[in-house]
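Student: I would like to take a close look at one part of this model and then see how that part sits in its surroundings. Could we go through it slowly, with the sequence and the structure in view?

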Amino acid sequence: MAVAQANLEKETEDCSLLPLVHDIIKCMDKDSPDVNQELTKLKTKIQEAREQISNMSGIDCSPVEQQQQLATLREQVRTKNQLLQKYKGLCMFDVPKAS
Amino acid sequence: MAAATAEKSTKERLLSVLDDLEVLSRELIEMLALSRNQKVPQPGEDTQILELLVQRDKEFQELMEVAQQQGKIHQEMQLLEKEVEKRDNDIQQLQKQLKEAEHILATAVYQAKEKLASIEKAKKGSVSSEEIIKYAHRISASNAVCAPLNWVPGDPRRPYPTDLEMRSGILGHMANLPSNGVNGHLPGDALAAGRLPDILTPHYPWQSSDVSAGMLPPHHGNDFNLEPPGHNKENEDDVEAMSTDSSSSSSDSD
């Protein structure tokens, strides 16, 4: 559980753009020729973030809507299980065995 | 109004925040580059942009966390959808079986009702078994269903009315046909006309002392009259006379 939490924090920190902006400002202060390189990195990072967002599943609705859909699905499963149990548990006719 | 205030999806919010981040970072970098070139300090505008940038970045990170949680929930929803589909198939199968059972039961009930109606109808038109036996006896007494036990080739008796019997019946008398005697092929025909003396009457093995006087073949023209059973004693006597050799045990006429 702690490992999963640490992984989650790392992933969220990875998607931050502030470190890259900081690097660009630092290069500008130093008049370093790597400014263009850092700018390109920022652009690439933004583009990758856009692609990642487009490929993520389950975010086509808000969290509230998703919770509603989840509740609806759970209710459907429960109702259908109940229905099947009801019909399977109905008393059957006593059919006399043919002698 | 509710539609207008509907929550935006997480995807839309993420893309919106990312666009803001891109614009703000570009603005900040351009402002810093401009201020360095012109060597004019900006009156805190860059600080404002920086604060906005930090805020948007934080918002972006929070939204990414939400998106990951939604991804996990989405996987759970996919499993639930598969289960729902499986249950739907089971319910459809059950529905099909119930429909089939209903059809079978409906057919059985319909046939049972038809049979009950037939039974009621038969009860209304019931006939006494004694009458049926008498009727059957009359039909069989004319030897139409089975030859008499003592029938031999040459016996003039037939399972259908012969010429002699027709002429001696009501129709024959009504027509008042001229009787020349030998119209048929049997010498017995002459007897019916009453032309031959007794001494010339042919004797056949089947003739017994029980045959009526005049040595005529038994007259059972009336036996073919299919009248209501149990009301003609004369016919019953004929039946009794003819059925002496019958093996059937007929009941008493009265």
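Which residues make up helix H2 of chain A, and how far does the helix reach from its first C-alpha to its last?

Tutor: This is a predicted model, and in it helix H2 of chain A covers residues 18-30, which is 13 residues. From the first C-alpha to the last, H2(A) reaches 18 Å, close to the 18 Å expected at 1.5 Å a residue.

The buried residues of H2(A) are A:Leu20, A:Val21, A:Ile24, A:Cys27 and A:Met28. Seen down the helix axis, these buried residues fall within an arc of 125°, so they line one face of H2(A). The face turned away from that buried side carries A:Asp29 and A:Lys30, which are exposed. The cover over the buried residues comes from both chains, and includes helix H3 (35-55) of chain A as well as helix H1 (10-38) and helix H2 (45-124) of chain B.

These elements meet again in the largest nonpolar core, which has 29 residues, and to which H2 and H3 of chain A and H1 and H2 of chain B each supply at least two residues. H1(B) gives the largest share of this core, 9 residues. Among the residues with the most contacts inside the core are A:Leu42 and A:Ile53 from one chain, and B:Leu18, B:Leu21 and B:Phe60 from the other. Leaving aside residues up to four places away in sequence, B:Leu21 touches A:Leu17 in chain A, and B:Leu53, B:Arg56, B:Asp57 and B:Phe60 in chain B. A second, separate core of 7 residues includes A:Val77, B:Ile73, B:Met77 and B:Leu80.

Turning to the contact between the chains, 44 residues of chain A and 44 residues of chain B take part, and the area buried between them is about 4,200 Å², with carbon and sulfur atoms giving 70% of that area. On the side of chain B, the residues that lose the most area to chain A are B:Lys11, B:Ile29 and B:Arg36, together 13% of what that side buries.

Some care is needed with the confidence values: the model scores ipTM 0.79 and pTM 0.54, while chain B averages a pLDDT of 76, with 65% of the residues scoring at least 70. Over residues 181-197 of chain B pLDDT stays under 50, and over residues 208-254 of chain B pLDDT also stays under 50. Where pLDDT is low, the predicted coordinates should not be read in detail.

How values were computed: Residues numbered from 1 in each chain as written. Chains lettered and ligands numbered in written order. Predicted model: local features only at pLDDT ≥ 70, side-chain atom pairs only at ≥ 80, totals over all residues. Heavy atoms only, no water. Helix = DSSP H or I, 4+ residues; strand = E, 2+ residues; numbered from the N terminus. Expected span 1.5 Å × (residues − 1). Buried < 20%, exposed > 50% of the residue type's maximum accessible area, 1.4 Å probe, protein only. Arc of directions from axis to C-beta. Contact = heavy atoms within 4.5 Å. Core = buried A, V, L, I, M, F, W, Y, C linked by side-chain atoms within 4.5 Å. pLDDT = per-residue confidence, 0-100. Buried area = accessible area lost by both parts, 1.4 Å probe.
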